[in-house]
Amino acid sequence: MNFPVLLEKLRPQCEAIIAQYEQPRSALLPMIHLFQEHEGYASPEAMRAVAEMLQLSLAVVESTVSFYTLFFRKPVGKYVLQVCRGLACQLNGAEDIHAYFRERLGIGHLQTTADGIFSYEEVECLAACDRATCMQVNLEFVYDLTPQMIDQMLEAMRTGTFEIPPMAQTQEPGPTWIVRQDTQVSHGGKSIGAVDQPNPNNAGGLDKDGVIMLDRIITQEQRFRGRTKERLANVEPSIAAIVDQNGSAH
Ligand code: FES
């Protein structure tokens, strides 16, 4: 199914999701989940469509999606194995579990097997520390991992009998789902949608005087003052003026 057809199919569901919230932008995460469920990843087309429906900039959608390890911005394997590397899991032998997965799958962190079945990632605490060592398979929890369990689990996934269903896979995955532009200096380390956006990561919106709240905090907070002038050397003259007004740049 091509994307325009999928979009028309999902549009009523998207509208129903938006209607549940006072602020339309609150629908962002559930809408991306919906598209990911059908495409197997959060495609650029899906992010553009969601931005349009919510009247947000593409930069806002991309920066939200890239923040969460629950979203994949490139095609992934049918089973995404996210194994915890948090402290409780480490104390319960996570390192051995990671080594076992890597050896059994023949891949490492953030990689996908050549047959497109498995993607593997070591993630931060999954908030199930009482059942360490643990993981998520296609975002569903699996607890108390042992090598024997891992063998049975991988075998069941290969034969299509595992209790957690495979992800939709509308495109063949590459060797990794890392998005290159995240690390490209030419884009200032920002995603494509953030290029040319004056403030794609607006942390606090505008306050009543039209000043970005984060900048106001920085200019007013005593402990930042010493370095504020230096920091502001290359930014908006209007912000620099606030610093002068407050007599805070020395
Ligand atoms: S440390 Fe693994 S779930 Fe918390």
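How many of the six residues of strand 3 are buried, and is that strand largely enclosed or left open?

Reply: Two conventions come before the details. This is a predicted model, in which local features need pLDDT of at least 70 and side-chain atom pairs count only at pLDDT 80 or more, while totals for chains, interfaces and linings use all residues. Residues are numbered from 1 along each chain as its sequence is written.

Five of the six residues of strand 3 are buried, so the strand is largely enclosed by the rest of the structure. Buried means that 20 or more other C-beta atoms lie within 10 Å of the residue's own; exposed means 12 or fewer, partly exposed is in between, and C-beta atoms are placed from the backbone. In the protein, buried residues make up 28% of the 250 residues.

Now the setting. The protein has ten helices and five strands. Both are DSSP runs numbered from the N terminus: helices are H or I with at least four residues, strands are E with at least two. The five strands form an open sheet in the order 2-3-1-4-5, with mixed pairing. Strand 2 (111-112) and strand 5 (140-142) stand at the edges with a single partner strand each, so one side of each has no neighbour in the sheet. Two strands pair if DSSP finds at least two bridges between them. In general, strands of a sheet pair through backbone hydrogen bonds, either parallel or antiparallel.

Take the parallel partner. Strand 1 (residues 79-84) and strand 3 (residues 118-123) run parallel and are joined by six bridges. V80 stands opposite S119 of strand 3. L81 stands opposite Y120 of strand 3. Strand 1 is mostly covered too, with six of its six residues buried. Its cover is on both faces: Y79, L81 and V83 are buried on one side, and V80, Q82 and C84 on the other. As a rule, side chains in a regular strand alternate between the two faces of the sheet.

Helix 6 (residues 94-105) lies across strand 1 and strand 3, and runs at about 155 degrees to strand 1. Axes are lines fitted to C-alpha atoms, for helices over the stretch in contact, and angles run from 0 to 180 degrees between N-to-C directions. Contact means that the C-beta atoms of two residues, placed from the backbone, lie within 7 Å. Among contacts in the protein between residues at least 6 apart in sequence, 60% join residues at least 24 apart.

Next, the antiparallel partner. Strand 2 pairs with strand 3 in the antiparallel sense, over two bridges. T112 has S119 of strand 3 as its bridge partner. S119 is also the residue opposite V80. Strand 2 and strand 3 form a hairpin with five residues between them. In that turn, G116 has a positive phi of about 75 degrees.

Then follow the chain out of strand 3. The loop between strand 3 and strand 4 holds A127 and T133. Phi of A127 is near 65 degrees, a positive value in a residue other than glycine. A127 counts as exposed, with 11 C-beta neighbours inside 10 Å. A cis peptide bond joins A132 and T133, with omega about 0 degrees.

Strand 4 (residues 135-137) comes back to strand 1: the two run antiparallel, joined by three bridges. V83 stands opposite M135 of strand 4. L139 lies in the loop between strand 4 and strand 5. L139 is not a glycine, yet its phi is positive, at about 70 degrees. L139 is partly exposed, with 14 other C-beta atoms within 10 Å.

Helix 1 (residues 3-19) and helix 2 (residues 28-39) pack at about 150 degrees, with axes 10 Å apart. They are therefore roughly antiparallel. Angles over 145 degrees get that label; those under 35 count as roughly parallel, 65 to 115 as roughly perpendicular, and the rest as oblique. The contact is made by L6, L10, Q13, C14 and I17 of helix 1 and P30, M31, L34, F35 and H38 of helix 2. By class, this contact has eight nonpolar, two polar and no charged residues. Nonpolar covers Ala, Val, Leu, Ile, Met, Phe, Trp, Tyr, Cys and Pro; charged covers Asp, Glu, Lys and Arg; the others, Gly among them, are polar.
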